[in-house]
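Here is a friendly walk through the packing of one protein chain. Have the viewer open and follow along.

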Amino acid sequence: MISKKFILKLSAPALVGALALVATSSQAETFPDKPITIVVPFSAGGGADLVARLLGQELSKNLDNASIVVDNKAGASGNIGASYVARAKPDGYTLLLTNSTMTINASVGLTQGLDIKTALVPVANLVSTPIALAVNSKVPANNVAELVAYAKKNQDKLSYSSCGNGTPQHFAGAKFNLLTGLDIVHVPYKGCAPAVNDGVGNQVPILFSTIPNVAPHAKAGTLRMLGVASQKRLSFMPEVPAISETPPFADMDISVWFGLFAPAGIPEAVQKKIEAAVLATMKEAKLQNEFKDRFYEIDVLDSKGLAKLVDNDLVNYKKLAEQSNITLK
């Protein structure tokens, strides 16, 4: 509490600052006192939606049992939902759970005027999943090195599928071509499911896709998973090599991360309260196992770590887009 005697001694600017500090502290103490909405900028049933709902089920108890509501605002490659949150009142009651599609969009200028660096504040990263490299079971390659050798002899006959233009899967395929000097034709699909289906049917024999979409077919033997595009193997799938283990892929690291953001201008104390609650929630073994059972690697980062991840993505994806002539405008 600031005494009247102390207030009288303060200059006008200092008084404003002191009162703002008290207001911010008060906001943090009372937060949350109403439901919190986590906006997912993609359709229900997708990866970000699943992550948001799993988090929301457990996060409530670390935020004074506040109700957590997941609201899907899909469209424009995630830009509609992200822009909605950026314009929301920065009080902590409207948050954004998105993935690395947001940094890809920003890297190629496909943000519809949204500046993710100034309009949004990182809260925490939750999980990630690297892109899987798989081939149809008829392709005579049992590992990444064999696929490279086979492709160099047959690249005019080969193509690879992705979940769509400008997706992380597209960038993984572009990086594969860039590092090997190959020119395997990219076949973009409107979604991961049809891309995988045509891989199973051998219409497009090479796939860069999500692990949840590939793993069931690999288990059934219709696809062969050769590696994951990360720096290390997955904790829940250690038998599948990281592509980076095979030359010349040492710096191959393209994963889809899932992080939580708030509108810029959120009081720091409120942001820190949400961040602490998320970090505590993500330590729970039950929740970690639920993510791993669905092929997500626990990849928790605090707000500073997520900010660094965003910065690295913006540099790396922009460079790769330029090197591979990827344009989405």
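The report below looks at cores, a helix face, ring pairs and charges over rings.

## Nonpolar cores

Please keep in mind that this is a predicted model. In general, nonpolar side chains in soluble globular proteins tend to be buried together. Here, the largest nonpolar core has 66 residues. Those with the most contacts inside this core are Leu97, Leu133, Leu147, Phe171, Phe176, Ile206 and Ile274. Strand S4 (residues 120-136) gives the largest share of the core, seven residues.

Leaving aside neighbours within four places in sequence, Leu147 is in contact with Leu133, Val135, Val139, Ala141, Phe176, Ile206 and Leu226. There is also a second, separate core of 14 residues, with Ala82, Val85, Trp257 and Phe261 among them.

Helix H12 spans residues 285-293, and its buried residues are Leu287, Glu290 and Phe291. Viewed down the axis of H12, these buried residues fall within an arc of 95 degrees, so they line one face of the helix. As background, an α-helix has 3.6 residues a turn, so residues three or four places apart point the same way.

What covers the buried residues of H12 includes helix H3 (47-59), S4, helix H11 (268-281) and strand S10 (297-301). On the face turned away from the buried side, H12 carries the exposed residues Ala285, Lys286 and Asp293. Phe295 follows H12 and has a positive phi, near 70 degrees.

## Aromatic pairs

The structure holds nine aromatic pairs. One of them joins Phe31 and Tyr93: this pair is tilted, at 4.8 Å centre to centre with 55 degrees between the planes. Phe31 lies in the loop between helix H2 (12-30) and strand S1 (36-40), and Tyr93 in the loop between helix H4 (79-87) and strand S3 (94-99), so the pair ties together parts that are 62 residues apart in sequence. Phe31 counts as buried at 1% relative accessibility, and Tyr93 counts as buried at 10%.

Phe291 and Tyr296 have ring centres 6.4 Å apart and planes at 80 degrees, so this pair is edge-to-face. Phe291 is buried at 0% relative accessibility, and Tyr296 is buried at 6%. Elsewhere, ring pairs link Tyr160, Phe176, Phe208 and Phe249 into a cluster.

## Charges over rings

Lys73 lies over the face of Tyr84, at 4.5 Å from the ring centre.

Technical notes
Residues numbered from 1 in each chain as written. Heavy atoms only, no water. Core = buried A, V, L, I, M, F, W, Y, C linked by side-chain atoms within 4.5 Å. Buried < 20%, exposed > 50% of the residue type's maximum accessible area, 1.4 Å probe, protein only. Helix = DSSP H or I, 4+ residues; strand = E, 2+ residues; numbered from the N terminus. Contact = heavy atoms within 4.5 Å. Arc of directions from axis to C-beta. Phe/Tyr/Trp six-rings, centres within 6.5 Å; stacked < 30°, edge-to-face > 60°. Lys NZ or Arg CZ within 6 Å of the ring centre and 35° of its normal.
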